[in-house]
Amino acid sequence: MDPMSKLVVFTGGTAGLGLAALGKLIENAPTNFEATPRFNYEVYIGARSTSDGALQAHFEGVRQSSPSPLEVKAHLLPLDLASLDSIERFAQDVLSNIVKPNKKIDILVLNAGIVVRNVRKTVKLPDNREFESTLFVNTLSQAVLLKRLLHVMADDGRIVLVGSEKHKVPAKTVVAPSTIEDLLSGGKWEGRNAYGLSKLVQMHLFFILKDEINRRWPSEGNKPSVVAISPGFVPETKLAREWPWILQLIGRYVLTLFPFTTPLPVAANTILRGMVDTTLSSGTYLGRTGAIAPLEECNDPTKRDEWRSWFVELGFWKTGADVN
Ligand SMILES: NC(=O)c1ccc[n+]([C@@H]2O[C@H](COP(=O)([O-])OP(=O)(O)OC[C@H]3O[C@@H](n4cnc5c(N)ncnc54)[C@H](OP(=O)(O)O)[C@@H]3O)[C@@H](O)[C@H]2O)c1
């Protein structure tokens, strides 16, 4: 790897917002935000399918339509976020084969996510614990990846969590470590609600991560920064893939005509900004026009402590003294 290239580790780069954001990185087009100096990038995409012919052809098409003097190379690494074994193998792969003593991760983007039509406990761990798949893929998998990779982030690195304004939806219900199991066991917590819940817990994780970085990099100097993204409602992606095809077509060709939706290139630009805009301060929750406020309870240190303890008890987080 060219030592001057920026090392990017990315989940969910094979479709939808992630694919479009990587296309923007390759395009290297002028942006409406600060993004200088610009770099070459070496991108490692964790993906369920590692046959990358179509992906490389897509990126080559972007390169040809928007020639750039900068080089963005993309590689696929096997990763299934619904499998703890696969997440551990991916993290080990990154640690053993990608990161070098003089090359840490410059940008880590945790973008992959799902919505299911009906909640189901399909994620089974080797120790026989079972988890609802939305919560595991959208949130718990991110905690595990951060637990394994945070120590190899570059001191001036950036971590991007792709969140959602839907994290505000469960606000009328008491969502806490003590209620989450019940909330996910059916009833009105069907697929889309489980999605909102997973994004709420992810938003707590975002602030837990910010605190953890301050703990591990205590000096005032360079430390990794963390940004969460609200891409807006983007019906063109494959997120609703479990819904009937007719609804997906309506989403893609009808809903996109309405102003309450966000065009895919605009949403991709918000993710790109989260990745490369060095003027963003750590802890920014970024929407299409700039910083926005997360749900008020995400600023509550007592709630954050409860969620942190929950992640640690599950074995999906390491904090302070536990860190090697
Ligand atoms: N679209 C929206 O309106 C919207 C709004 C707010 C937030 N978001 C967030 O944006 C992110 C991207 O969503 P999207 O709309 O771009 O959806 P998408 O088109 O369905 O893309 C999802 C990406 O995640 C990957 N992925 C899903 N499950 C995975 C697993 N088990 N292991 C590894 N990779 C997995 C998919 O890989 P495959 O190619 O293998 O399927 C794909 O690359 C999500 O976090 C979503 O919550 C989306």
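Reply: Happy to. A salt bridge here means a side-chain nitrogen of Lys or Arg within 4 Å of a carboxyl oxygen of Asp or Glu. The model is predicted, so local features need pLDDT of at least 70 and side-chain atom pairs count only at pLDDT 80 or more, while totals for chains, interfaces and linings use all residues. Residues are numbered from 1 along each chain as its sequence is written, and side-chain values use heavy atoms, without hydrogens and water.

Let's begin with the charges. Across the whole structure, the search finds twelve salt bridges. One of them joins Arg 63 to Glu 60, with 3.1 Å between the closest N and O atoms. Both partners belong to helix H2 (residues 53-65), where they are three residues apart, about one turn of the helix; helices (H or I, at least four residues) and strands (E, at least two) are DSSP runs numbered from the N terminus. Arg 63 has 25% relative accessibility and counts as partly exposed, and Glu 60, at 35%, is partly exposed too. For these labels, buried means under 20% relative accessible area, exposed over 50%, and partly exposed in between (1.4 Å probe, protein chains only).

Asp 127 and Arg 129 make another salt bridge, their closest N and O atoms lying 2.9 Å apart. Asp 127 is partly exposed at 45% relative accessibility, and Arg 129 is partly exposed at 28%.

In helix H6 (residues 191-216), Arg 216 and Glu 212 are four residues apart, so about one helical turn separates them. Their side chains meet in a salt bridge at 3.0 Å, N to O.

The charged end of Lys 6 sits over the ring of Phe 39, 4.4 Å from the ring centre; the criterion is NZ of Lys or CZ of Arg within 6 Å of the ring centre and within 35 degrees of the ring normal.

Now for the rings themselves. There are eight aromatic pairs in the structure, where rings of Phe, Tyr and Trp (its six-membered ring) pair if their centres lie within 6.5 Å, and planes under 30 degrees apart count as stacked, over 60 as edge-to-face and the rest as tilted. Among them is Phe 131 with Phe 316: the centres are 5.7 Å apart and the planes stand at 55 degrees, so this pair is tilted. Phe 131 comes from strand E6 (residues 130-131) and Phe 316 from the segment after helix H9 (301-314), so the contact ties together parts that are 185 residues apart in sequence.

Phe 316 also pairs with Phe 136, with centres 6.0 Å apart and planes at 85 degrees, which makes that pair edge-to-face. Since Phe 136 lies in helix H4 (residues 133-149), this second contact ties together parts 180 residues apart in sequence. Phe 131, Phe 136 and Phe 316 form one aromatic cluster. Phe 131 is buried, as is Phe 316, the latter at 2% relative accessibility, and Phe 136 is buried at 0%.
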